[in-house]
Each structure stands twice: as C-alpha cells, then as structure tokens.
Amino acid sequence: MKMIIAIIHDHDNEPVSHALTASGFRVTRVASTGGFLRRGSSTLMIGVEDEKVEEAIQILHKNTTPSDDPGQKRGTLFVLDVKNFTQI
Amino acid sequence: MFRTLADFHSSMQDPQEKPRTGNLGTPADQRLVVRYLVGVVVQVQDVRAATRAIEELGLIVTHLPSTGAFLGRRNVTLLVGLPEGMQQAIYDAIHETCHQRVEYVSTPVEGAPMPIPLSTPITVGGATIFTLEIDRYEEF
C-alpha cells in the first residue's frame, strides 16, 4: 500500500479529483499554499495499492494543464510506503 | 489569525519579499534527488521566519493550515521535499526560527465557591518535525 501526496495548481484540482474518483481512487484534498508564486495550491492524498501507483500517476499527468511557460512545473508528487491502511 | 482560506493565503504572503519568478521546482543549481518528505508543524508566529530560512536552503515549502497541540491553537504544517544530506541543515533552520513560548490560560479553581480564574502557565511551540522516507519523487 502506498500513499501519494500530490501538490498541484488549484485550477487543476477539479479535473484531477474527478478523473481519479472516476477510476476508483479515493482522494482527499487539503487546501494549501506555497510553491507556485505563493498562490493557492491543492495537496491531494491518495491511498493506492502498490500495483496501481503508476495508473494514479498517469491520471495526474494527463489531467493537469500544461503551462505556456515550459519551465513552469505542473505539480510535485511524493510516493510514501504505508504500513497499514484500513477503510471503515 | 486567519478565518478563511483566503486569509490564510494572504497571511502567507511576505510583504518584504520581492515577487518570486520561480515555480514549484527546485532551483536548477540545486537539483538534487529528493529522498525525504519532511512535515514540520510550526506556530503561526514562526511561519514566515521558518519558511524564509528553509527557502534559503533552496527548498520549496508548501503550507497547510492545521490546528492541534495542547491548547488546540492554529498552526501551520509545512511540507518540504528534502535531498539526502540536508537533514541537519533543515533541522538547524527550524531550530533557529521556531521558539517555545509561555502562554497563560485561565483555569477555574476547584472547590472555590465563586469561579476564581487562575492563570496557569503553559509552554507551547517549538516545532514538531516528521521525516518520512519516500519511494518516489516526481516533478512534472
């Protein structure tokens, strides 16, 4: 089990969360700030099975809008190992 | 200190700071492999100094509003991606900028016929640092 922590632009939150939910991932959004010129950003926490990490990351890649400036990043993600995960 | 998320965002703006032209990515000259995710819980009063000190190390900071600790006060959780070998540098930066403070809360005296408030000193603050190993890190 892994947890993906993805920090993305606020305006990408809606399409990304929608696409993840549609693919059966459960997403928790935390409003945050920092990074992108100190503008609002969204931090998403996604619990995934080991073999689904790649799929979730692909969804993140596909649903974040590319910036006009090639130097500008669309997001940052961390994948953490999770010892135990229970949904009740 | 911040009632809405907009307040929180604007409270994070440092008026003395020049507008930033960077982005989420680590500055190119310091592009190191990020190995750890560091979560730092700091008091609202220390956020600006701590953020500045961490950014001076060339790291990017994300803020999350949070609450907690003994008094349930508002605080801020900072998320930082940390390359190998920089642990001591970030601990030092946080150590220098986040202070413990004594706050007073009024507690009623037990057994008193009238509610007499008693000031109880409580030491709060400092900072809590969690360092987590990451399996994978990506900027896209």
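Trainee: Which residue stands opposite Val79(A) in β6(B)?

Mentor: This is a predicted model, so read every pairing as a prediction. Val79(A) stands opposite Arg136(B). Strand β4 (residues 75-81) of chain A and strand β6 (residues 127-139) of chain B pair in the antiparallel sense there, over 5 bridges.

Trainee: Which strand of chain B pairs with β6(B)?

Mentor: Strand β1 (residues 34-43) of chain B does, over 7 bridges and again in the antiparallel sense. In that pairing, look for Val42(B) opposite Ala127(B).

Trainee: What else is Val42(B) in contact with?

Mentor: Skip the neighbours within four places in sequence. The contacts of Val42(B) then include Val47(B), Ala50(B), Leu78(B) and Cys98(B), along with Ala127(B). Val42(B) is also among the residues with the most contacts inside the largest nonpolar core, which has 22 residues.

Trainee: Which elements supply this core?

Mentor: β1, α2, β2, β3 and α3 of chain B each supply at least two residues. β3(B) gives the most, with 5 residues. A second, separate core of 15 residues includes Leu44(A), Ile46(A), Val48(A) and Leu60(A).

Trainee: Where in chain B is the pLDDT below 50?

Mentor: Start with the general idea. Where pLDDT is low, the predicted coordinates should not be read in detail. Chain B averages a pLDDT of 83, and 79% of its residues score at least 70. The pLDDT falls below 50 over residues 19-30 of chain B. That stretch still has 22 contacts in the model beyond near neighbours in sequence.

Trainee: Which elements of chain B have the lowest and the highest mean pLDDT?

Mentor: Helix α1 (residues 5-11) has the lowest, at 68, and helix α2 (residues 47-55) the highest, at 95. For the complex, the predictor gives an ipTM of 0.84 and a pTM of 0.80.

Technical notes
Residues are numbered from 1 along each chain as its sequence is written. Chains are lettered from A and ligands numbered from 1 in the order in which they are written. This is a predicted model: local features need pLDDT of at least 70, side-chain atom pairs count only at pLDDT 80 or more; totals for chains, interfaces and linings use all residues. pLDDT is the predictor's confidence in each residue, from 0 to 100. Helices (H or I, at least four residues) and strands (E, at least two) are DSSP runs, numbered from the N terminus. Two residues are in contact if their C-beta atoms, placed from the backbone, lie within 7 Å. Two strands pair if DSSP finds at least two bridges between them. A nonpolar core is a set of buried Ala, Val, Leu, Ile, Met, Phe, Trp, Tyr and Cys residues joined through C-beta atoms within 7 Å. A residue is buried if 20 or more other C-beta atoms lie within 10 Å of its own, exposed if 12 or fewer, and partly exposed in between; C-beta atoms are placed from the backbone.
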